[in-house]
Amino acid sequence: MLLKEYKLRSGRHCELHRLRDDVIPNYYLLSFSSSCGEPSATELGELIAYGTQQAKQLAMELTSDPEAYTLVYSGYSARCEKGWHIHIFLLGNRWRKAWLYLLLSLKNLAQAIGLRKDDAPKV
């Protein structure tokens, strides 16, 4: 579900989506369209700052703690989908963070052994 669209100073856009996932609640994705190519260094800095701002705001609304979030930046060599993006997870406690890290490690293991799609360069 699209929540917001953000216009960068360069004129390009990114979108903040809420992802409905039963396994990972309160999961958001700030994405830069794959049709736009990779962001410049300036755009990347602006998007990370915007992602952090949105994470703090969402965390405050949902958990009453503006620091209860985790950001995961998926650059070219670490992502499984085309297009630049930041994952925003609103966790709230240590157990949810441990659960997230377990899921991320299983996902990356599945990609490493070829059981899951992977867009990363093969080096």
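**Aromatic pairs and nonpolar cores in a predicted protein model**

The protein has an accessible surface of about 7500 Å², and 57% of this surface belongs to carbon and sulfur atoms; such areas come from the Shrake-Rupley method with a 1.4 Å probe, and for residues only the protein chains shown count as cover. The model is predicted: local features need pLDDT of at least 70 and side-chain atom pairs count only at pLDDT 80 or more, while totals for chains, interfaces and linings use all residues. Residues are numbered from 1 along each chain as its sequence is written, and side-chain values use heavy atoms, with hydrogens and water left out.

The protein contains two helices and five strands, arranged from the N terminus in the order β-β-β-α-β-β-α. Helices (H or I, at least four residues) and strands (E, at least two) are DSSP runs, numbered from the N terminus. Of the 123 residues, 35% count as buried; buried means under 20% relative accessible area, exposed over 50%, and partly exposed in between (1.4 Å probe, protein chains only).

In soluble globular proteins, nonpolar side chains tend to be buried together. A nonpolar core is a set of buried Ala, Val, Leu, Ile, Met, Phe, Trp, Tyr and Cys residues joined through side-chain atoms within 4.5 Å. The largest core here has 16 residues, of which L16, Y28, L30, L47, I88 and L90 touch the most other members. At least two residues of this core come from each of β2 (13-19), β3, α1 (41-63) and β5, and α1 gives the most, with five residues. Beyond its neighbours within four places in sequence, L30 is in contact (heavy atoms within 4.5 Å) with residues including L16, L47, Y50 and W84. A second, separate core of five residues includes I24, Y27, L91 and L100.

Rings of Phe, Tyr and Trp (its six-membered ring) pair if their centres lie within 6.5 Å; planes under 30 degrees apart count as stacked, over 60 as edge-to-face and the rest as tilted. The whole structure holds four aromatic pairs. In one of them, Y27 and F89 are stacked, at 4.7 Å centre to centre with 25° between the planes. This pair links distant parts of the chain, since Y27 lies in strand β3 (residues 27-32) and F89 in strand β5 (residues 85-90), 62 residues apart. Both Y27 and F89 are buried.

The rings of Y73 and W84 have centres 5.7 Å apart and planes at 50°, so this pair is tilted. Y73 is partly exposed, with a relative accessible area of 38%, whereas W84 is buried, at 1%. Together with F32, Y73 and W84 form one aromatic cluster.
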